[in-house]
Amino acid sequence: MLKGKVAIVTGGTRGIGFEIVRKYLANGAKVILFGSRQETVEKALAKLHEENAAWEVEGMWPQLTDAAAVEKAVLEVKEKYNQIDILVNNAGISQSTPLYQYTPEEFDKVIDLNIKAVFYAILPTAKVMKEQGGGCIINTSSMVSISGQPAGVGYPTSKFAVNGLTISLARELGKDNIRVNAVAPGVTRTDMVAALPEQTVQAISSKIPIGRVGEPEEVANAFLYLASDLASYVTGEILSVDGASKA
């Protein structure tokens, strides 16, 4: 589905991001995964190469909250591959700090990575996509961007912003043949959820209409669809993959 495409995936070393990378590679894309540290990037690459030595994947670790560092990394990808067809902004952090315990520094940390870093990655990449005649940008949102959450206001605030950025840029960049969408996952069996006691997972699952938490691959399937030509007329959408959790 993605044969001949070049994709950048931020936050691609674990969880949903890692599954997106795997899914894209399995469908013929060349992938450059961005991670926060060299050691986590190298570990992810080793795991991918062990699974399939023929996959064309490499890693980088720019500081995503540094606009100049991100631009430099994006231009290096463009220089090597002569194209960037897909950008997935998946890197982010969440927390659930109650308001009365919040510090401005903690709030800023969430906003910097979940909003500013998304913008920093989009700006140079969109310029490359416009020059080459088009491309696809997919941002990771969250079910809390629709429903909110009872504590940790910085996280849903950041994801509401991601939705606004997504919808607005879809309208602005449509003339350049650049599609912009977002995926809003619900509770997904990432490392954090997998570490919870089974009793806790069952309690969470009981509140989800479909009766279970999601699997990373199921979320990655949405990213595959939106990046593929099957979604050639889909832009400005926030695609929920949450088992109707927000219902």
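**Exercise 1.** How many bridges join strand 5 to strand 6, and which way do the two strands run?

*Solution.* This is a predicted model, in which local features need pLDDT of at least 70 and side-chain atom pairs count only at pLDDT 80 or more, while totals for chains, interfaces and linings use all residues. Residues are numbered from 1 along each chain as its sequence is written, and side-chain values use heavy atoms, with hydrogens and water left out.

Step 1. Find the strands: helices (H or I, at least four residues) and strands (E, at least two) are DSSP runs, numbered from the N terminus. Strand 5 covers residues 135-140 and strand 6 covers residues 178-185.

Step 2. Check the pairing, which requires that DSSP finds at least two bridges between two strands. Six bridges join strand 5 to strand 6, and the two run parallel.

Step 3. Look for a facing pair. Cys 136 stands opposite Arg 179 in strand 6.

**Exercise 2.** Describe how helix 1 and helix 2 pack.

*Solution.* Step 1. Angles run from 0 to 180 degrees between N-to-C directions, and axes are lines fitted to C-alpha atoms, for helices over the stretch in contact.

Step 1. Turn to the helix pair. Helix 1 and helix 2 pack at about 35°, with their axes 12 Å apart.

Step 2. List the contact. Helix 1 gives Phe 18, Val 21, Arg 22 and Leu 25, and helix 2 gives Ala 44, Lys 47, Leu 48 and Glu 51. Five of the contact residues are nonpolar, none polar and three charged; here Ala, Val, Leu, Ile, Met, Phe, Trp, Tyr, Cys and Pro count as nonpolar, Asp, Glu, Lys and Arg as charged, and the others, Gly among them, as polar.

**Exercise 3.** Which residues lie nearest the centre of the second largest pocket?

*Solution.* Step 1. A pocket is an open set of points on a 1 Å grid over the protein atoms alone, with protein on both sides within 12 Å along at least five of seven lines; lining residues have an atom within 4 Å of a point.

Step 1. The lining has 17 residues, with Gly 135, Cys 136, Asn 177, Arg 179 and Ser 232 nearest the centre. Strand 5 and strand 6 each supply at least two residues of this lining. The lining divides into six nonpolar, seven polar and four charged residues.

Step 2. Examine Asn 177, placed in the loop between helix 6 (154-173) and strand 6. Phi of Asn 177 is near 65°, a positive value in a residue other than glycine.

Technical notes: Contact means heavy atoms within 4.5 Å. On a 1 Å grid over the protein atoms alone, a cavity is a set of points where a 1.4 Å probe fits but cannot get out, and a pocket is an open set with protein on both sides within 12 Å along at least five of seven lines; lining residues have an atom within 4 Å of a point.
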